[in-house]
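The following note sets out points for a colleague who wishes to check the model against its coordinates. Please read each point with the structure open.

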Amino acid sequence: MFSVTVRDHMMVAHSFRGEVFGPARALHGATFVVDATVHRRDLDPDGVVVDIGEFSRVLAQIVGELNHRNLDEVPEFAGVNTTTEFLARTVADRLAERLDAAARGLCRIAVTLHESHVAWASYEREP
């Protein structure tokens with residue numbers, strides 16, 4: 001299995017509902033390092049998994065849509081706790097749509113959001 005990973009980052013504001021979140025129920029900021037990885041069983045005819053430049057541009061576009069936003073005000077997230085796990089899935093789903101992963105022969109997409117050097121969450125999916 002071959003893979004390529006690209007990295008970006010984003011800063012968001014959000015709050016959570018539910019006792020389990022304690023002080024994070026109040027509006028707070030979060031800075032995430034975003035790692036996105038795509039996998040292929042074999043290299044394409046050009047000998048690559050994916051064009052790294054295009055992959056980086058697509059990730060930057062997705063991250064840019066969330067960067068410096070209060071996620072509590074994003075209509076598509078209404079009523080949702082925008083946890084690190086939820087955001088990892090959101091980024092992975094958007095990558096699958098925009099990379100046309102299935103057509104490119106990709107067999108897996110994984111996104112990891114690092115909240116800090118000691119905590120992160122990931123989501124993996126098939127195209």
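**Aromatic pairs and packing**

1. Over the whole structure, a search finds 2 aromatic pairs; rings of Phe, Tyr and Trp (its six-membered ring) pair if their centres lie within 6.5 Å, and planes under 30 degrees apart count as stacked, over 60 as edge-to-face and the rest as tilted. The rings of Phe-77 and Phe-86 form an edge-to-face pair, because their centres are 5.4 Å apart and their planes stand at 85°. Phe-77 is buried, at a relative accessible area of 3%, and Phe-86 is buried as well, at 16%. Buried here means under 20% relative accessible area, exposed over 50%, and partly exposed in between (1.4 Å probe, protein chains only).

2. This is a predicted model, in which local features need pLDDT of at least 70 and side-chain atom pairs count only at pLDDT 80 or more, while totals for chains, interfaces and linings use all residues. Residues are numbered from 1 along each chain as its sequence is written, and side-chain values use heavy atoms, with hydrogens and water left out.

3. The protein chain has 2 helices and 5 strands, in the order β-β-α-β-α-β-β from the N terminus. Helices (H or I, at least four residues) and strands (E, at least two) are DSSP runs, numbered from the N terminus. The C-alpha trace spans about 50 × 30 × 20 Å along its principal axes. Of the 127 residues, 41% count as buried.

4. The largest nonpolar core has 33 residues, and those with the most contacts inside it are Val-34, Phe-55, Leu-95 and Val-111. At least two residues of this core come from each of β1 (2-14), β2 (28-40), α1 (52-66), α2 (84-99) and β4 (108-114). The largest share, 8 residues, is supplied by α2. Such a core is a set of buried Ala, Val, Leu, Ile, Met, Phe, Trp, Tyr and Cys residues joined through side-chain atoms within 4.5 Å.

5. Which residues does Val-34 contact, leaving aside its neighbours within four places in sequence? Val-34 is in contact (heavy atoms within 4.5 Å) with Val-6, Arg-7, Asp-8, His-9, Met-10, Leu-59, Val-63, Val-91, Val-111, Thr-112 and Leu-113.

6. Helix α2 has 16 residues and reaches 22 Å from its first C-alpha to its last, close to the 22 Å expected at 1.5 Å a residue; the expected span is 1.5 Å times one less than the number of residues. Its buried residues include Phe-86, Leu-87, Val-91 and Leu-95, and their cover includes β2, α1, β4 and β5 (120-125). Asp-100, with a positive phi near 50°, follows α2.

7. Arg-94 is located in helix α2 and is buried, with a relative accessible area of 10%. Not counting residues up to four places away in sequence, Arg-94 touches Ile-62, Glu-65, Leu-66, Glu-76 and Phe-77. Phe-77 is thus a point to inspect alongside its ring partner, Phe-86.

8. Val-80 lies in the loop between β3 (69-70) and α2 and is partly exposed, with a relative accessible area of 28%. Leaving aside neighbours within four places in sequence, Val-80 is in contact with Arg-17 and Phe-86. The C-alpha atoms of Val-80 and Asp-42 are separated by 38 Å, with the two residues 38 apart along the chain.
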